[in-house]
Amino acid sequence: MLSVILKRLLLAVPTLIGVVVVTFLLTRALPGDPAAYFAGPAATKQAIEQVRAQLGLDKPLPVQFVRYVNDLAHGDLGNSLTTGQPVLAELRSRLPASAELTLLGLILSMSIAIPLGILAATKPGSIVDHVCRIVTTAGVSLPVFFTGLILVYVFYYLLGWAPAPLGRLDVFFSAPRTVTGFYLIDSLLAGKFDLFRAALAQLVLPALTLAIFSLAPIARMTRASMLSVLASDFVRTARASGLTRYTVVITYAFRNAMLPVITTLGMVFSFLLGANVLVEKVFAWPGIGSYAVEALIASDFAPVQGFVLTMAVMYVILNLIIDLLYGVVDPRVRIDA
Amino acid sequence: MKRRDFLKSSSAAVASAAISMPAVFSPAKAQARNETLLIVSESGPNNLDIHGVGTNVPGYEVSWNTYDRLISHEMKTGPSGQPYYDKNKFKMELADDMNVGDMSVTFKLKKNATFQDGTPVTAKDVKWSLDRAVTVGGFPTFQMRAGSLTKAEQFVVVDDNTIRIDFLKKDRLTIPDLAVVVPAIYNSELVKKNVTEKDPWGLEYTKLNTVGSGAFKVTSWTAGSEVVLERNDDWKGGELPKIKRVIWRMVPSAGNRRALLERGDADISYELPNKDFVELKDAGKLNIISTPFSNGIQYLGMNVKNPPFDNPKVRQAVAYAVPYQKIMDAVLFGLGKPMFGDKNNTAEEAVWPQPHGYNADIEKAKALMVEAGYANGFDTTLSFDLGFATVNEPMAVLIQESLGQIGIRTTINKIPGANFRTELNKKVLPLYLNVFSGWLDYPEYFFIWCYHGNNSIFNTMSYQSKDMDALIDGAVTAAATGDQASYEKDVKGFVDLAFADLPRIPLYQPYSNVAMQKNVSGYAYWFHRRLDYRTFSKA
């Protein structure tokens with residue numbers, strides 16, 4: 001097991017080197033000029049050149065690249081110009097914000113989509129099946145910012161049930177001491193239950209928005225996978241043997257149908273993590289998606305590079321976890337590097 | 001089935017428990033709310049120090065409220081009754097007394113003034129801070145240069161409490177330039193403890209820490225999401241502010257900023273789309289204050305070096321084709337001050353900005369196109385900054401449509417924010433929309449930047465005219481020597497010439513719009529157009 005993990009991690013090294021080179025070149029190929037942008041509206045040519053020299057952007061590309069790799073080797077991802085902070089510190093504080101939101105959204109989505117998918121598969125063509133199809137299609141067709149704004153409008157503006165969409169915490173709460181970076185966990189560790197409630201209240205609407213959006217792939221995959229498994233011989237045998245419906249559907253069929261669902265979950269999770277920029281914008285959520293987009297708009301190289309690198313590492317780890325899960329779910333799956 | 005039931009019921013329980021949370025404040029928090037100002041805006045600072053490399057505009061707001069300058073401005077009543085900085089009247093901030101001589105100005109410092117860490121403010125700190133502003137490079141140095149403040153030798157410590165600033169030449173803008181955001185006074189001893197060889201001015205330290213003597217200090221800053229400021233109870237620069245705490249949250253979605261205001265959760269917001277401001281104003285639940293940008297104009301620029309816009313007749317044809325009133329109504333919803341439709345193109349008064357005499361007149365425009373030899377029209381591109389797309393995009397479409405009627409076929413070129421300035425600086429865009437506004441509110445200041453043949457980056461048209469240069473230089477000299485008669489003659493002269501030659505077509509003066517709750521008062525308009533927390537109060 002351990003050697004498998006090590007082997008897989010070693011294999012990821014060339015991928016990461018490729019990512020470093022490509023992101024470096026791509027960010028340099030961006031059309032904007034960070035020096036002109038950050039010299040401010042009243043800057044003259046001379047001022048822009050001064051800023052360029054201060055940023056080290058007057059050096060030739062290979063020199064910049066060597067400096068970048070050298071910094072990287074020392075664990076320094078550089079400084080963001082838009083926010084003025086070290087990229088590493090920003091990613092460290094923003095990744096948990098995004099991860100907490102995405103995980104909660106995913107759990108919410110799973111708890112609706114998987115039962116819905118199973119139900120739809122057991123009775124294909126029934127009302128439940130149609131409801132499943134309509135709900136998921138509607139969810140995925142609504143753009144997330146639209147769903148988000150509608151939820152804010154109804155639950156905050158009209159009804160006043162949800163708290164103000166002001167990010168991770170209400171203005172009058174201060175963040176718990178950072179242990180995991182997940183406010184829900186950290187507030188419980190600190191024993192502050194009102195803080196936990198406040199953090200959860202802020203999470204509900206954005207998580208719901210994400211859940212609505214990600215219902216479709218999970219429910220559809222569950223349904224398709226369940227359908228094929230339910231049609232297979234061993235299910236017929238199980239039914240013929242007079243096992244209860246529950247045992248047949250959940251114990252036999254669902255367990256075998258889980259592999260593609262897990263693959264989909266992994267994909268949906270990593271997709272949501274990077275792509276929930278719009279949800280972050282709507283709810284003023286200090287996550288990594290909006291961070292990367294803002295940096296991109298300002299041609300701010302360091303955060304873009306840091307973001308892509310982080311996402312690449314996340315993908316590698318996520319894929320590893322999913323592969324390991326395969327082995328747990330289905331012992332027949334052999335994990336080879 | 002049990003498993004599914006469990007999943008369903010547990011997720012429903014989570015959702016309902018959270019949603020039924022009351023959004024009310026406990027009494028203790030309500031108390032705090034009265035002395036706390038909650039501001040929401042689109043973007044926040046990237047640096048707490050205006051001397052920093054690439055500090056953005058929200059960063060100016062932090063600097064303004066956390067640092068003192070030697071002098072500041074008195075207030076007068078603005079165009080719609082709001083307090084408005086008086087460009088001609090100065091008030092002492094860190095200085096106790098200002099004595100303007102022929103070739104120098106001497107300041108005595110307030111004796112009891114201290115920095116936020118308790119150390120007294122001395123003339124040495126003032127000199128160090130001004131030295132820093134003129135040598136650190138980038139924006140602060142260039143802003144100082146606008147007031148002929150360029151050398152460290154100009155700042156002389158007379159004694160612990162007195163500092164003299166020597167003039168290199170007579171310049172009317174020197175004193176006003178000491179009251180802008182840049183010449184803030186820093187706690188030099190504290191910064192010196194945190195300098196490194198690579199960073200002799202301690203920019204890395206002041207980026208994250210406010211080390212002034214100002215009315216507020218930053219107690220926490222999470223870049224991109226929140227800034228919290230607390231009042232400095234020992235402030236000596238003026239009357240103690242009524243607000244104890246300022247929480248400034250970044251809310252990127254304009255719709256949510258509006259919702260927060262309407263629900264009463266946020267106290268103040270700016271940077272809302274014009275349409276929202278008009279609707280909020282009509283609803284009447286909030287105080288909306290709109291003030292024209294001082295010395296700022298949105299304009300349609302043309303590259304006068306290259307055909308076809310090198311021909312003044314073509315430029316005039318464009319000026320007669322622009323649908324000014326439609327822009328005011330459909331794009332700005334009336335939130336702008338027209339810079340068109342005067343009875344003629346002659347300046348009656350020596351003021352700037354003032355409207356020109358062009359009006360939408362398609363027939364006249366067509367005739368001018370024929371005269372210019374472009375009876376069949378031509379193709380060109382119209383560029384704008386996507387960063388301000390809510391205003392620029394509809395405006396560009398309206399202009400495109402009107403220009404089409406006189407045969408000018410335009411392709412709209414949207415340029416992302418980071419790239420716009422780069423493109424503009426190349427001075428090759430044939431036709432573009434842009435805004436210029438100057439901190440110092442003097443006609444000659446605007447014209448030096450935008451029309452003078454020394455070709456600053458704001459002369460985006462590459463306009464060259466010996467007559468124009470002579471008039472601008474004349475006005476600068478006349479202002480320095482106090483020759484009012486020739487000053488007025490020269491100002492009227494260059495305004496007339498700008499309207500006759502028309503390298504750029506002024507469209508309107510944009511408004512700075514601020515929306516706040518009815519119980520919030522004390523908003524004042526400043527040349528930097530950001531909020532001054534010191535005058536606010538909450539009922």
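Helices (H or I, at least four residues) and strands (E, at least two) are DSSP runs, numbered from the N terminus.

**Ground rules.** I'm looking at a predicted model, where local features need pLDDT of at least 70, side-chain atom pairs count only at pLDDT 80 or more, and totals for chains, interfaces and linings use all residues. Residues are numbered from 1 along each chain as its sequence is written, while chains are lettered from A and ligands numbered from 1 in the order in which they are written.

**Chain A.** I counted up the elements and got 14 helices and zero strands. I then boxed the C-alpha atoms along the principal axes and found roughly 85 × 55 × 40 Å. Of the 337 residues in chain A, 43% are buried (20 or more other C-beta atoms within 10 Å of a residue's own; exposed is 12 or fewer, partly exposed is in between, and C-beta atoms are placed from the backbone).

**Chain B.** Here I found 18 helices and 20 strands. The C-alpha trace spans about 85 × 75 × 45 Å along its principal axes. Buried residues are 49% of the 539 in chain B.

Leaving out residues up to four places away in sequence, I listed what A:Ile218 touches; among them are A:Met110, A:Ile114, A:Val261 and A:Leu265. Contact here means C-beta atoms, placed from the backbone, within 7 Å.

**A helix pair.** Last, I picked helix 5 (residues 87–122) and helix 6 (residues 127–141) of chain A, which pack at about 140 degrees with their axes 8 Å apart. Axes are lines fitted to C-alpha atoms, for helices over the stretch in contact, and angles run from 0 to 180 degrees between N-to-C directions. That makes helix 5 of chain A oblique to helix 6 of chain A (under 35 degrees is roughly parallel, over 145 roughly antiparallel, 65 to 115 roughly perpendicular, the rest oblique). On the helix 5 side of chain A, the contact includes A:Leu116 and A:Gly117, and on the helix 6 side A:Val128 and A:Cys132.

Note on methods. Contact = placed C-beta atoms within 7 Å.
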